[in-house]
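This report covers a two-chain structure, shown below.

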Amino acid sequence: MFSYCADPSSLEGLVWLSCYLTSGTHLLFYASFGTVLLLLAITAPIALLFGFGGAMASRSRIAPLRWFGGIYTSMVRGVPDIIFFLFVPIALDQGFEWVRHQILCDSDAPVRQGNDFVVCAAAKLPLNSAAPWVHDVYGIFLAVIAFSVVFGAFAANVLSGAMQAVPRAQLETAEAYGMSRAQVNRRVLIPQMWTYALPGLSNLWMILIKATPLLFLLGVEDIVYWARELGGSKTSAFTYPHPDWRLYYFLGILVFYLGMTWISGRVLDRVTRRLSKGQATMGGEALRKETPA
Amino acid sequence: MSCVQTIMDYGLRSIGIGERLLPRADYTLCQQATLIGSGLIWNLYFAVLALSFGFVLATALALAKTSPNPWLRKPADAFIFVFRGSPLFIQFFIAYESLVLLPRAGIDILGMTVQTSWLTRAWAGALIVLILNTAAYSAQIFHGALMSVPKGEVEAADAYGLTGWKRFRRVIWPTMLRLAWPSYTNEAIFLFHATTLVYFSGFPAFQQKGDALYYASYFADRTFNPFVAYPIAAAYFIAATLALIWIFGRVNRRLNRHLPDAASRIRYRPQLMR
């Protein structure tokens with residue numbers, strides 16, 4: 001990056017470090033922090049949407065939809081999320097390829113042959129001829145879906161709890177005013193549930209932050225991947241030889257996550273205060289006593 | 001090969017008893033179910049030991065956190081912040097990388113050589129991380145419960161002349177546990193599920209002795225079929241989680257047995273708190 005970095009072997013001390021920390025692979029490492037933030041930014045709203053759908057489905061009057069919602073909201077209670085992280089991307093990938101195989105290939109050969117999963121070249125996802133970045137984006141896409149499904153289930157759990165926590169009398173009052181079921185949902189239930197959902201959702205956000213290093217398990221080149229890659233001991237064959245520094249890289253990642261959770265904690269505390277204002281809850285009562293009108 | 005034979009060969013494979021080589025061909029349903037079930041031994045090992053040691057440490061931490069002495073309170077706060085604020089996955093990596101840095105030959109302490117190589121093995125190294133992790137989360141729960149112990153109960157204990165350890169053991173601690181128990185049940189479920197991370201995070205599965213998810217992903221990789229191995233693992237975990245909830249429910253009933261109403265209905269908070 002800097003002009004004096006042309007011959008790293010002649011450098012020493014801080015100058016060496018400044019060149020080392022701005023090498024091409026290190027820039028990729030710093031960019032991977034962006035990947036983590038991007039994943040958070042995309043996953044959180046999608047997961048919330050999934051969760052909302054799941055929670056609404058579990059209250060539905062149509063029995064199959066209700067069963068589906070019930071299973072979805074409770075699936076993370078019994079099964080470790082890591083199983084889903086391993087299962088969902090590969091299952092989706094095979095599902096997509098199977099569908100494409102049915103449409104695009106004219107062979108009648110079964111997709112599963114012994115221990116192999118075979119589709120014709122045209123049905124491959126991404127295509128063998130695709131550029132490397134397409135493969136990367138596809139990998140991240142599958143990861144986003146996996147995270148959204150799992151955290152959607154967590155969110156569904158929180159939201160259905162929150163919907164049950166809305167005082168029954170409020171809904172009955174709305175019904176007494178002649179509102180239809182949809183109107184009750186839209187005008188009373190959904191606006192009222194957020195304050196009950198917020199502790200759970202903020203906790204969920206923390207869990208989501210702390211789950212992002214699992215991207216590594218999904219084969220995405222994330223911060224854990226680069227920390228292992230860059231930190232491993234480098235012989236003199238490399239431009240910047242150094243012993244095993246993985247510990248320092250992981251400590252750096254630790255600091256990153258501590259900062260993330262600390263900032264999130266501060267922000268969420270403020271939001272909780274805001275939403276508790278005027279609510280008929282303990283928090284709202286405490287706020288009311290704090291500031292005498 | 002019959003299924004009974006498979007169970008004899010692989011039932012305890014995860015702890016090194018039975019057939020040495022993992023199955024290489026056909027991968028029958030019976031083989032998958034047996035090996036994944038055998039891996040569950042490790043999940044239970046980690047969960048039971050981490051929860052037992054973590055419980056004691058968490059109680060101490062929660063007390064330190066309430067202490068007016070900053071020399072006790074500040075370290076407890078820092079410990080809880082670091083372990084609750086960072087991903088368990090990263091904690092595993094850091095623990096492994098730093099345990100590997102310990103001298104191979106062992107450390108000389110007062111003329112005795114203390115071996116260190118066992119610390120890099122999952123059964124010890126990962127267990128330590130899990131203990132510290134669950135201790136931090138549980139300490140936060142216990143601290144919250146400790147803060148909501150009714151004042152009247154402590155005053156009543158004072159009136160009866162109970163002080164110090166006796167007051168804690170007979171009055172404060174049981175009430176703290178009773179209040180914390182629903183959240184603590186959640187934490188136990190989370191920790192049990194987190195044990196599946198061990199063999200995916202730095203700690204190598206020595207001689208292919210791994211946990212349930214390690215074998216499940218082994219089969220999924222070999223057969224290119226995630227639709228068999230992972231549901232089997234999921235079924236085992238659902239069963240184990242239900243057992244865990246049942247056990248914790250029994251404890252909850254015992255903790256609440258003096259209260260006429262609460263004992264009969266055990267309801268866990270719908271939120272997944274951690």
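## Nonpolar core

The largest nonpolar core has 128 residues, and those touching the most other members are A:Ile83, A:Val150, A:Ala155, B:Ile36, B:Phe92, B:Ala216 and B:Ala233. Helix α5 of chain A (residues 132-165) is the largest contributor to this core, giving 17 residues. A nonpolar core here is a set of buried Ala, Val, Leu, Ile, Met, Phe, Trp, Tyr and Cys residues joined through C-beta atoms within 7 Å. A residue is buried if 20 or more other C-beta atoms lie within 10 Å of its own, exposed if 12 or fewer, and partly exposed in between, with C-beta atoms placed from the backbone.

Apart from neighbours within four places in sequence, A:Val150 is in contact with A:Val76, A:Asp81, A:Phe84 and A:Phe85. Contact requires that the C-beta atoms of two residues, placed from the backbone, lie within 7 Å.

## Basis of the model

The model is predicted; local features need pLDDT of at least 70, side-chain atom pairs count only at pLDDT 80 or more, and totals for chains, interfaces and linings use all residues. Residues are numbered from 1 along each chain as its sequence is written, while chains are lettered from A and ligands numbered from 1 in the order in which they are written.

Chain B has nine helices and two strands, in the order α-α-α-α-β-β-α-α-α-α-α. Helices (H or I, at least four residues) and strands (E, at least two) are DSSP runs, numbered from the N terminus. The C-alpha trace of chain B spans about 70 × 55 × 30 Å along its principal axes, and 41% of its 274 residues count as buried.

Chain B gives 35 residues to the contact and chain A gives 40 residues. On the chain B side, the elements giving two or more residues are α3 (70-85), α4 (88-100), α8 (212-223) and α9 (226-255). The largest share of that side, eight residues, comes from α9(B). By type, the side of chain B that touches chain A holds 22 nonpolar, ten polar and three charged residues. Nonpolar means Ala, Val, Leu, Ile, Met, Phe, Trp, Tyr, Cys and Pro, charged means Asp, Glu, Lys and Arg, and the others, Gly among them, are polar.

In α8(B), nine of twelve residues are buried, including B:Tyr214, B:Ala216 and B:Phe219. Their cover includes α4 (81-104) of chain A together with α2 (29-66) and α9 of chain B.

Most residues other than glycine have a negative phi. B:Gln207, in the loop between α7 (164-194) and α8 of chain B, has a positive phi of about 50°. B:Gln207 counts as exposed because it has 9 C-beta neighbours inside 10 Å. B:Phe224, in the loop between α8 and α9 of chain B, also has a positive phi, near 50°. With 15 C-beta neighbours inside 10 Å, B:Phe224 counts as partly exposed.

## Annotated spans

An unreviewed UniProt entry lists "transmembrane region" for residues 44-64, 76-96, 122-142 and 227-248 of chain B. UniProt positions follow the numbering used here, feature names are shortened, and annotations may be inferred rather than shown by experiment. Residues 76-96 of chain B are 90% helix and 0% strand, with end C-alpha atoms 23 Å apart. Residues 227-248 of chain B are 100% helix, with end C-alpha atoms 32 Å apart.
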